[in-house]
Amino acid sequence: MLDWSRTPQRRFNPLTGEWVLVSPHRTERPWQGQVEKAAAHSQPVYDPECYLCPGNSRVGGVRNPDYTSTFVFENDFAALRPDTPVDRCDERGLLVAESEPGICRVICFSPRHDLTVSRMEAPALRQVVDTWIAQYQELGALAWINHVQIFENRGAMMGCSNPHPHCQIWANHTLPNEPRKEQDAQAEYARTKHACLLCDYLAIECATAERIVCRNASFVALVPFWAVWPFETLLLPVRHSTALDELTATERDDLAGILKRLTTRYDNLFQVSFPYSLGFHQRPTDGQARPEWHFHAHFYPPLLRSATVRKFLVGYEMLAMPQRDITPEAAAARLREVGEIHAV
């Protein structure tokens, strides 16, 4: 029989309809490429120069309140603007542009400058979860907003411009590319299989458990079969839920808990505050029920071999398809091996 742990192969992502090349035999190749600077291990509790800390000034002289929990404000450098008029130009289907109204906000997780999700206490993380839900509901209730994207870029390696614990929300008039792929895939699966794509996928993963990293009563964190990034994970609710706003009080607690557990494992993997991009994909806010949606979170961390060696998506991956060396099964095993008590 074929040894899938050592054989070049491609794996299908049913959420996007795309493939990834897996080359497990390449894990032994020597590395003489770029080495990143190690991230700083500690930050001050309060930074007088940080534009996100309580009481400090932001652009234009706006001063933050002395907040004690989460703090939400309109992004001072927003990529989308609510006053953008809706318009479209189309030249023979080749030069097509559409205006894109939207709203961009920032959520500070904590007044403390030195924290990360992995180092926050469970009650404080529950407040973050509640804020995500409130913002999803508030922005999604606007008739002209059809998608609410909640995401966190953690670490300078992921383009984060400030280490203060925070995330962003970009609320769009239209459904962006990645959620559109997932919308189409889940709708087609529901139409043809009369079932939920991610419910069925989670059942397969729970039966084997070889790619599961950690779980609780309400959520499962796993390295997806089709993962592109070396230690990419997918966070799935056990109960079919279309969006964050359908979570019960217990499930909100469990979401906060598993976020802390998973990010602690990330930190312990290479003994560093682990960089990543995290984002929730959930029911569009276009006024339709969208029962086919099974909301979930993607973690995309760039580190490959150590705290200073990252993966690059270049060359073949830009021109043909994504490629990875370490198998998702091996990555999940590595993440299971590390503990959930901070060793950094």
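Helices (H or I, at least four residues) and strands (E, at least two) were taken as DSSP runs, numbered from the N terminus. The structure is a predicted model, in which local features need pLDDT of at least 70 and side-chain atom pairs count only at pLDDT 80 or more, while totals for chains, interfaces and linings use all residues. Residues are numbered from 1 along each chain as its sequence is written, and side-chain values use heavy atoms, with hydrogens and water left out.

The chain has 6 helices and 16 strands. Its radius of gyration (over C-alpha atoms) is 21 Å, close to the 20 Å given for 344 residues by the globule rule (2.2 Å times the number of residues to the power 0.38), so the chain is as compact as a globular protein of that length. The C-alpha trace spans about 65 × 50 × 45 Å along its principal axes. Of the 344 residues, 50% count as buried (under 20% relative accessible area, with a 1.4 Å probe and protein chains only).

The largest pocket holds about 720 Å³ of space. A pocket is an open set of points on a 1 Å grid over the protein atoms alone, with protein on both sides within 12 Å along at least five of seven lines; lining residues have an atom within 4 Å of a point. Of the 29 lining residues, E178, W229, H281, H298 and Y300 are the closest to the centre of the largest pocket. Helix α2 (177-193) is among the elements that each supply at least two lining residues, as are strands β12 (276-281) and β13. The most is given by α2, with 5 residues.

H298 is placed in strand β13 (residues 296-300). This residue is buried, with a relative accessible area of 7%. The side chain of H298 makes a polar contact with the side chain of E182 at 3.0 Å, and another of 3.3 Å joins the side chains of H298 and H281. A polar contact is a pair of N or O atoms within 3.5 Å; within protein, one must be able to donate a hydrogen and the other to accept it, and residues adjacent in sequence count only if both atoms are side-chain atoms. Apart from neighbours within four places in sequence, H298 is in contact (heavy atoms within 4.5 Å) with L15, E182, T233, L234, S277, L278, G279 and H281.

Definitions and conventions
1 Å grid on protein atoms, 1.4 Å probe; cavity = no way out; pocket = protein on both sides within 12 Å on 5 of 7 lines; lining within 4 Å. Points joined across faces, edges and corners; volume = space filled by probe spheres on them.
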